[in-house]
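Thanks, everyone. I'll walk through one chain today, from the overall numbers down to single residues. Have a look at the screen first.

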Amino acid sequence: MRTDDAYRGWDSETRYRRLLDDLIPLDLGGWRLPEVRAALSTLGWEIRPVGPGGGVPDLARGRRPEVAWVLDHPPRGPRQGVGVLTVAADDAEQVLGVEVNLSYGIAYDDDHAHELHFAQTAREVTEDVLGGPPTRLAGPGPRAVWIRPGADVGVTLDEGNVVLQLLRTDRGAEFRRGYPDVWRGSLGADLSRPEPSRPVRGWEEAGERLGAALLALCTEVHAFPGDFTLRLSSARDPLRSVAAVGNGSDDALRLEAPADHPDLPGSDRFAASGWQHYGGLRQRVVFGALGTGDRPRGPVREAVSLLVDAVRALEVDLADLTYSGEVAVPTGARHLELPQLGLPRAVPEGASGA
């Protein structure tokens, strides 16, 4: 393993820890461009503009018109990777985040055989430096975020690149326009409000939004590694519910619904759809739904169809439908939030929902 300073690649925990030690103490003030420039200059770093038609480094996957500044190369920039500054679309002087693409210019070696292991190591080192687990897990990404005064810290996977983010602490600002969170695994104190900002209208739209949320969960939660449970239930009669359970031990998504209750409707419809009766539950297994790439798309569509059909078989009206759930990772269980689902979130027991 190379350790000399002339080597630009990130290939050790020590190098990443040094990067955190440089960035975490910075006082970025109100995140105005002159303040950020001055703070980075204390590290000897310089930022340079992306001119008209100029190329943005590999950190900016896809179309990133909001990237207006890049960090210079070492020693006037981070030794690990390449960095960019993201600014607000309506205010070129307002910086929203500083990102360092840790994967830029390296080849994964025996210590970090692939990007998932690389990201996991980065999260573990960040957790040690910041003194605790991330406040929030989220996707698309997947992303781990530590909510802190002055600047949030994030470690994310973006199209196979492991990226360290320093983010402006402002919950009202969308860091990357057009890419809102699809799912979150939040601690109780970090829960957003349970009512949806864009309520779903009609069962067809409900299925589309559920499909997007479930696909994100099936393809991303395992990367932490983690498991998830998503429940859909009646607000008036929570026993009328169905659940999707993703366990990282295999690629199967398990669907469950209560049985053995005489007041529950839909027995014939469940049987016709292939649900089996085991130990007080109706169960259906959809294989191939958990994984990466495009392979889970078909199985997830099948699961969504089964879930929507099950909810309707239980005679739950769309206006009465709520969701809840959990994400379980090695650092503990978290409340599941699906901000784009368009359904009210059932407030977890012991949480205020604020």
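A definition to start: a residue is buried under 20% relative accessible area, exposed over 50%, and partly exposed in between, with a 1.4 Å probe and protein chains only. On that scale, 51% of the 354 residues of the protein chain are buried.

Two notes on the source. This is a predicted model, so local features need pLDDT of at least 70 and side-chain atom pairs count only at pLDDT 80 or more, while totals for chains, interfaces and linings use all residues. Residues are numbered from 1 along each chain as its sequence is written, and side-chain values use heavy atoms, with hydrogens and water left out.

Overall picture. The protein chain has six helices and 16 strands. These are DSSP runs, numbered from the N terminus: helices are H or I with at least four residues, strands are E with at least two. The accessible surface is about 16,500 Å², and 49% of that belongs to carbon and sulfur atoms. Those areas come from the Shrake-Rupley method with a 1.4 Å probe; for residues, only the protein chains shown count as cover. Now contacts, meaning heavy atoms within 4.5 Å. Take those between residues at least 6 apart in sequence: 60% join residues at least 24 apart.

Next, helix α1, residues 13-23. Which of its residues are buried? Arg 15, Tyr 16, Leu 19, Leu 20 and Leu 23. Seen down the axis, they fall within an arc of 140 degrees, so they line one face of α1. The arc is taken from the directions from the helix axis to the C-beta atoms. Their cover includes α2 (33-41), β4 (91-101), α3 (115-130), β7 (151-158) and β8 (161-168).

On to α2. Leu 33, Val 36, Ala 39 and Leu 40 are buried there. Their arc is 130 degrees down the axis of α2, so they too line one face of the helix.

The loop between α1 and α2 holds Trp 31. Trp 31 has a positive phi of about 65 degrees, yet is not a glycine. At 2% relative accessibility, Trp 31 is buried. Compare Glu 315, in the loop between α6 (297-313) and β15 (321-329). Its phi is also positive, about 60 degrees, and Glu 315 is not a glycine. But Glu 315 is exposed, at 55% relative accessible area. For context, most residues other than glycine have a negative phi, and most peptide bonds are trans.

One joins Gly 139 and Pro 140, with omega about 10 degrees. Another joins Gly 141 and Pro 142, with omega about -5 degrees. Pro 140 lies in the loop between β5 (136-139) and β6 (143-146). Pro 142 lies in the loop between β5 and β6 as well.

Pro 199 sits in the loop between β9 (183-186) and α4. Pro 199 is partly exposed, at 43% relative accessibility. Leaving aside neighbours within four places in sequence, its contacts are Glu 205, Arg 209 and Gly 342. The C-alpha atoms of Pro 199 and Pro 344 are 8.2 Å apart, across 145 residues of chain.

Last item: the lining of the largest cavity. By class, what is in it? Ten nonpolar residues, one polar and no charged. Nonpolar here means Ala, Val, Leu, Ile, Met, Phe, Trp, Tyr, Cys and Pro; charged means Asp, Glu, Lys and Arg; the others, Gly among them, are polar. α4 (203-220) and α6 each supply at least two lining residues. α4 gives the most, with four.
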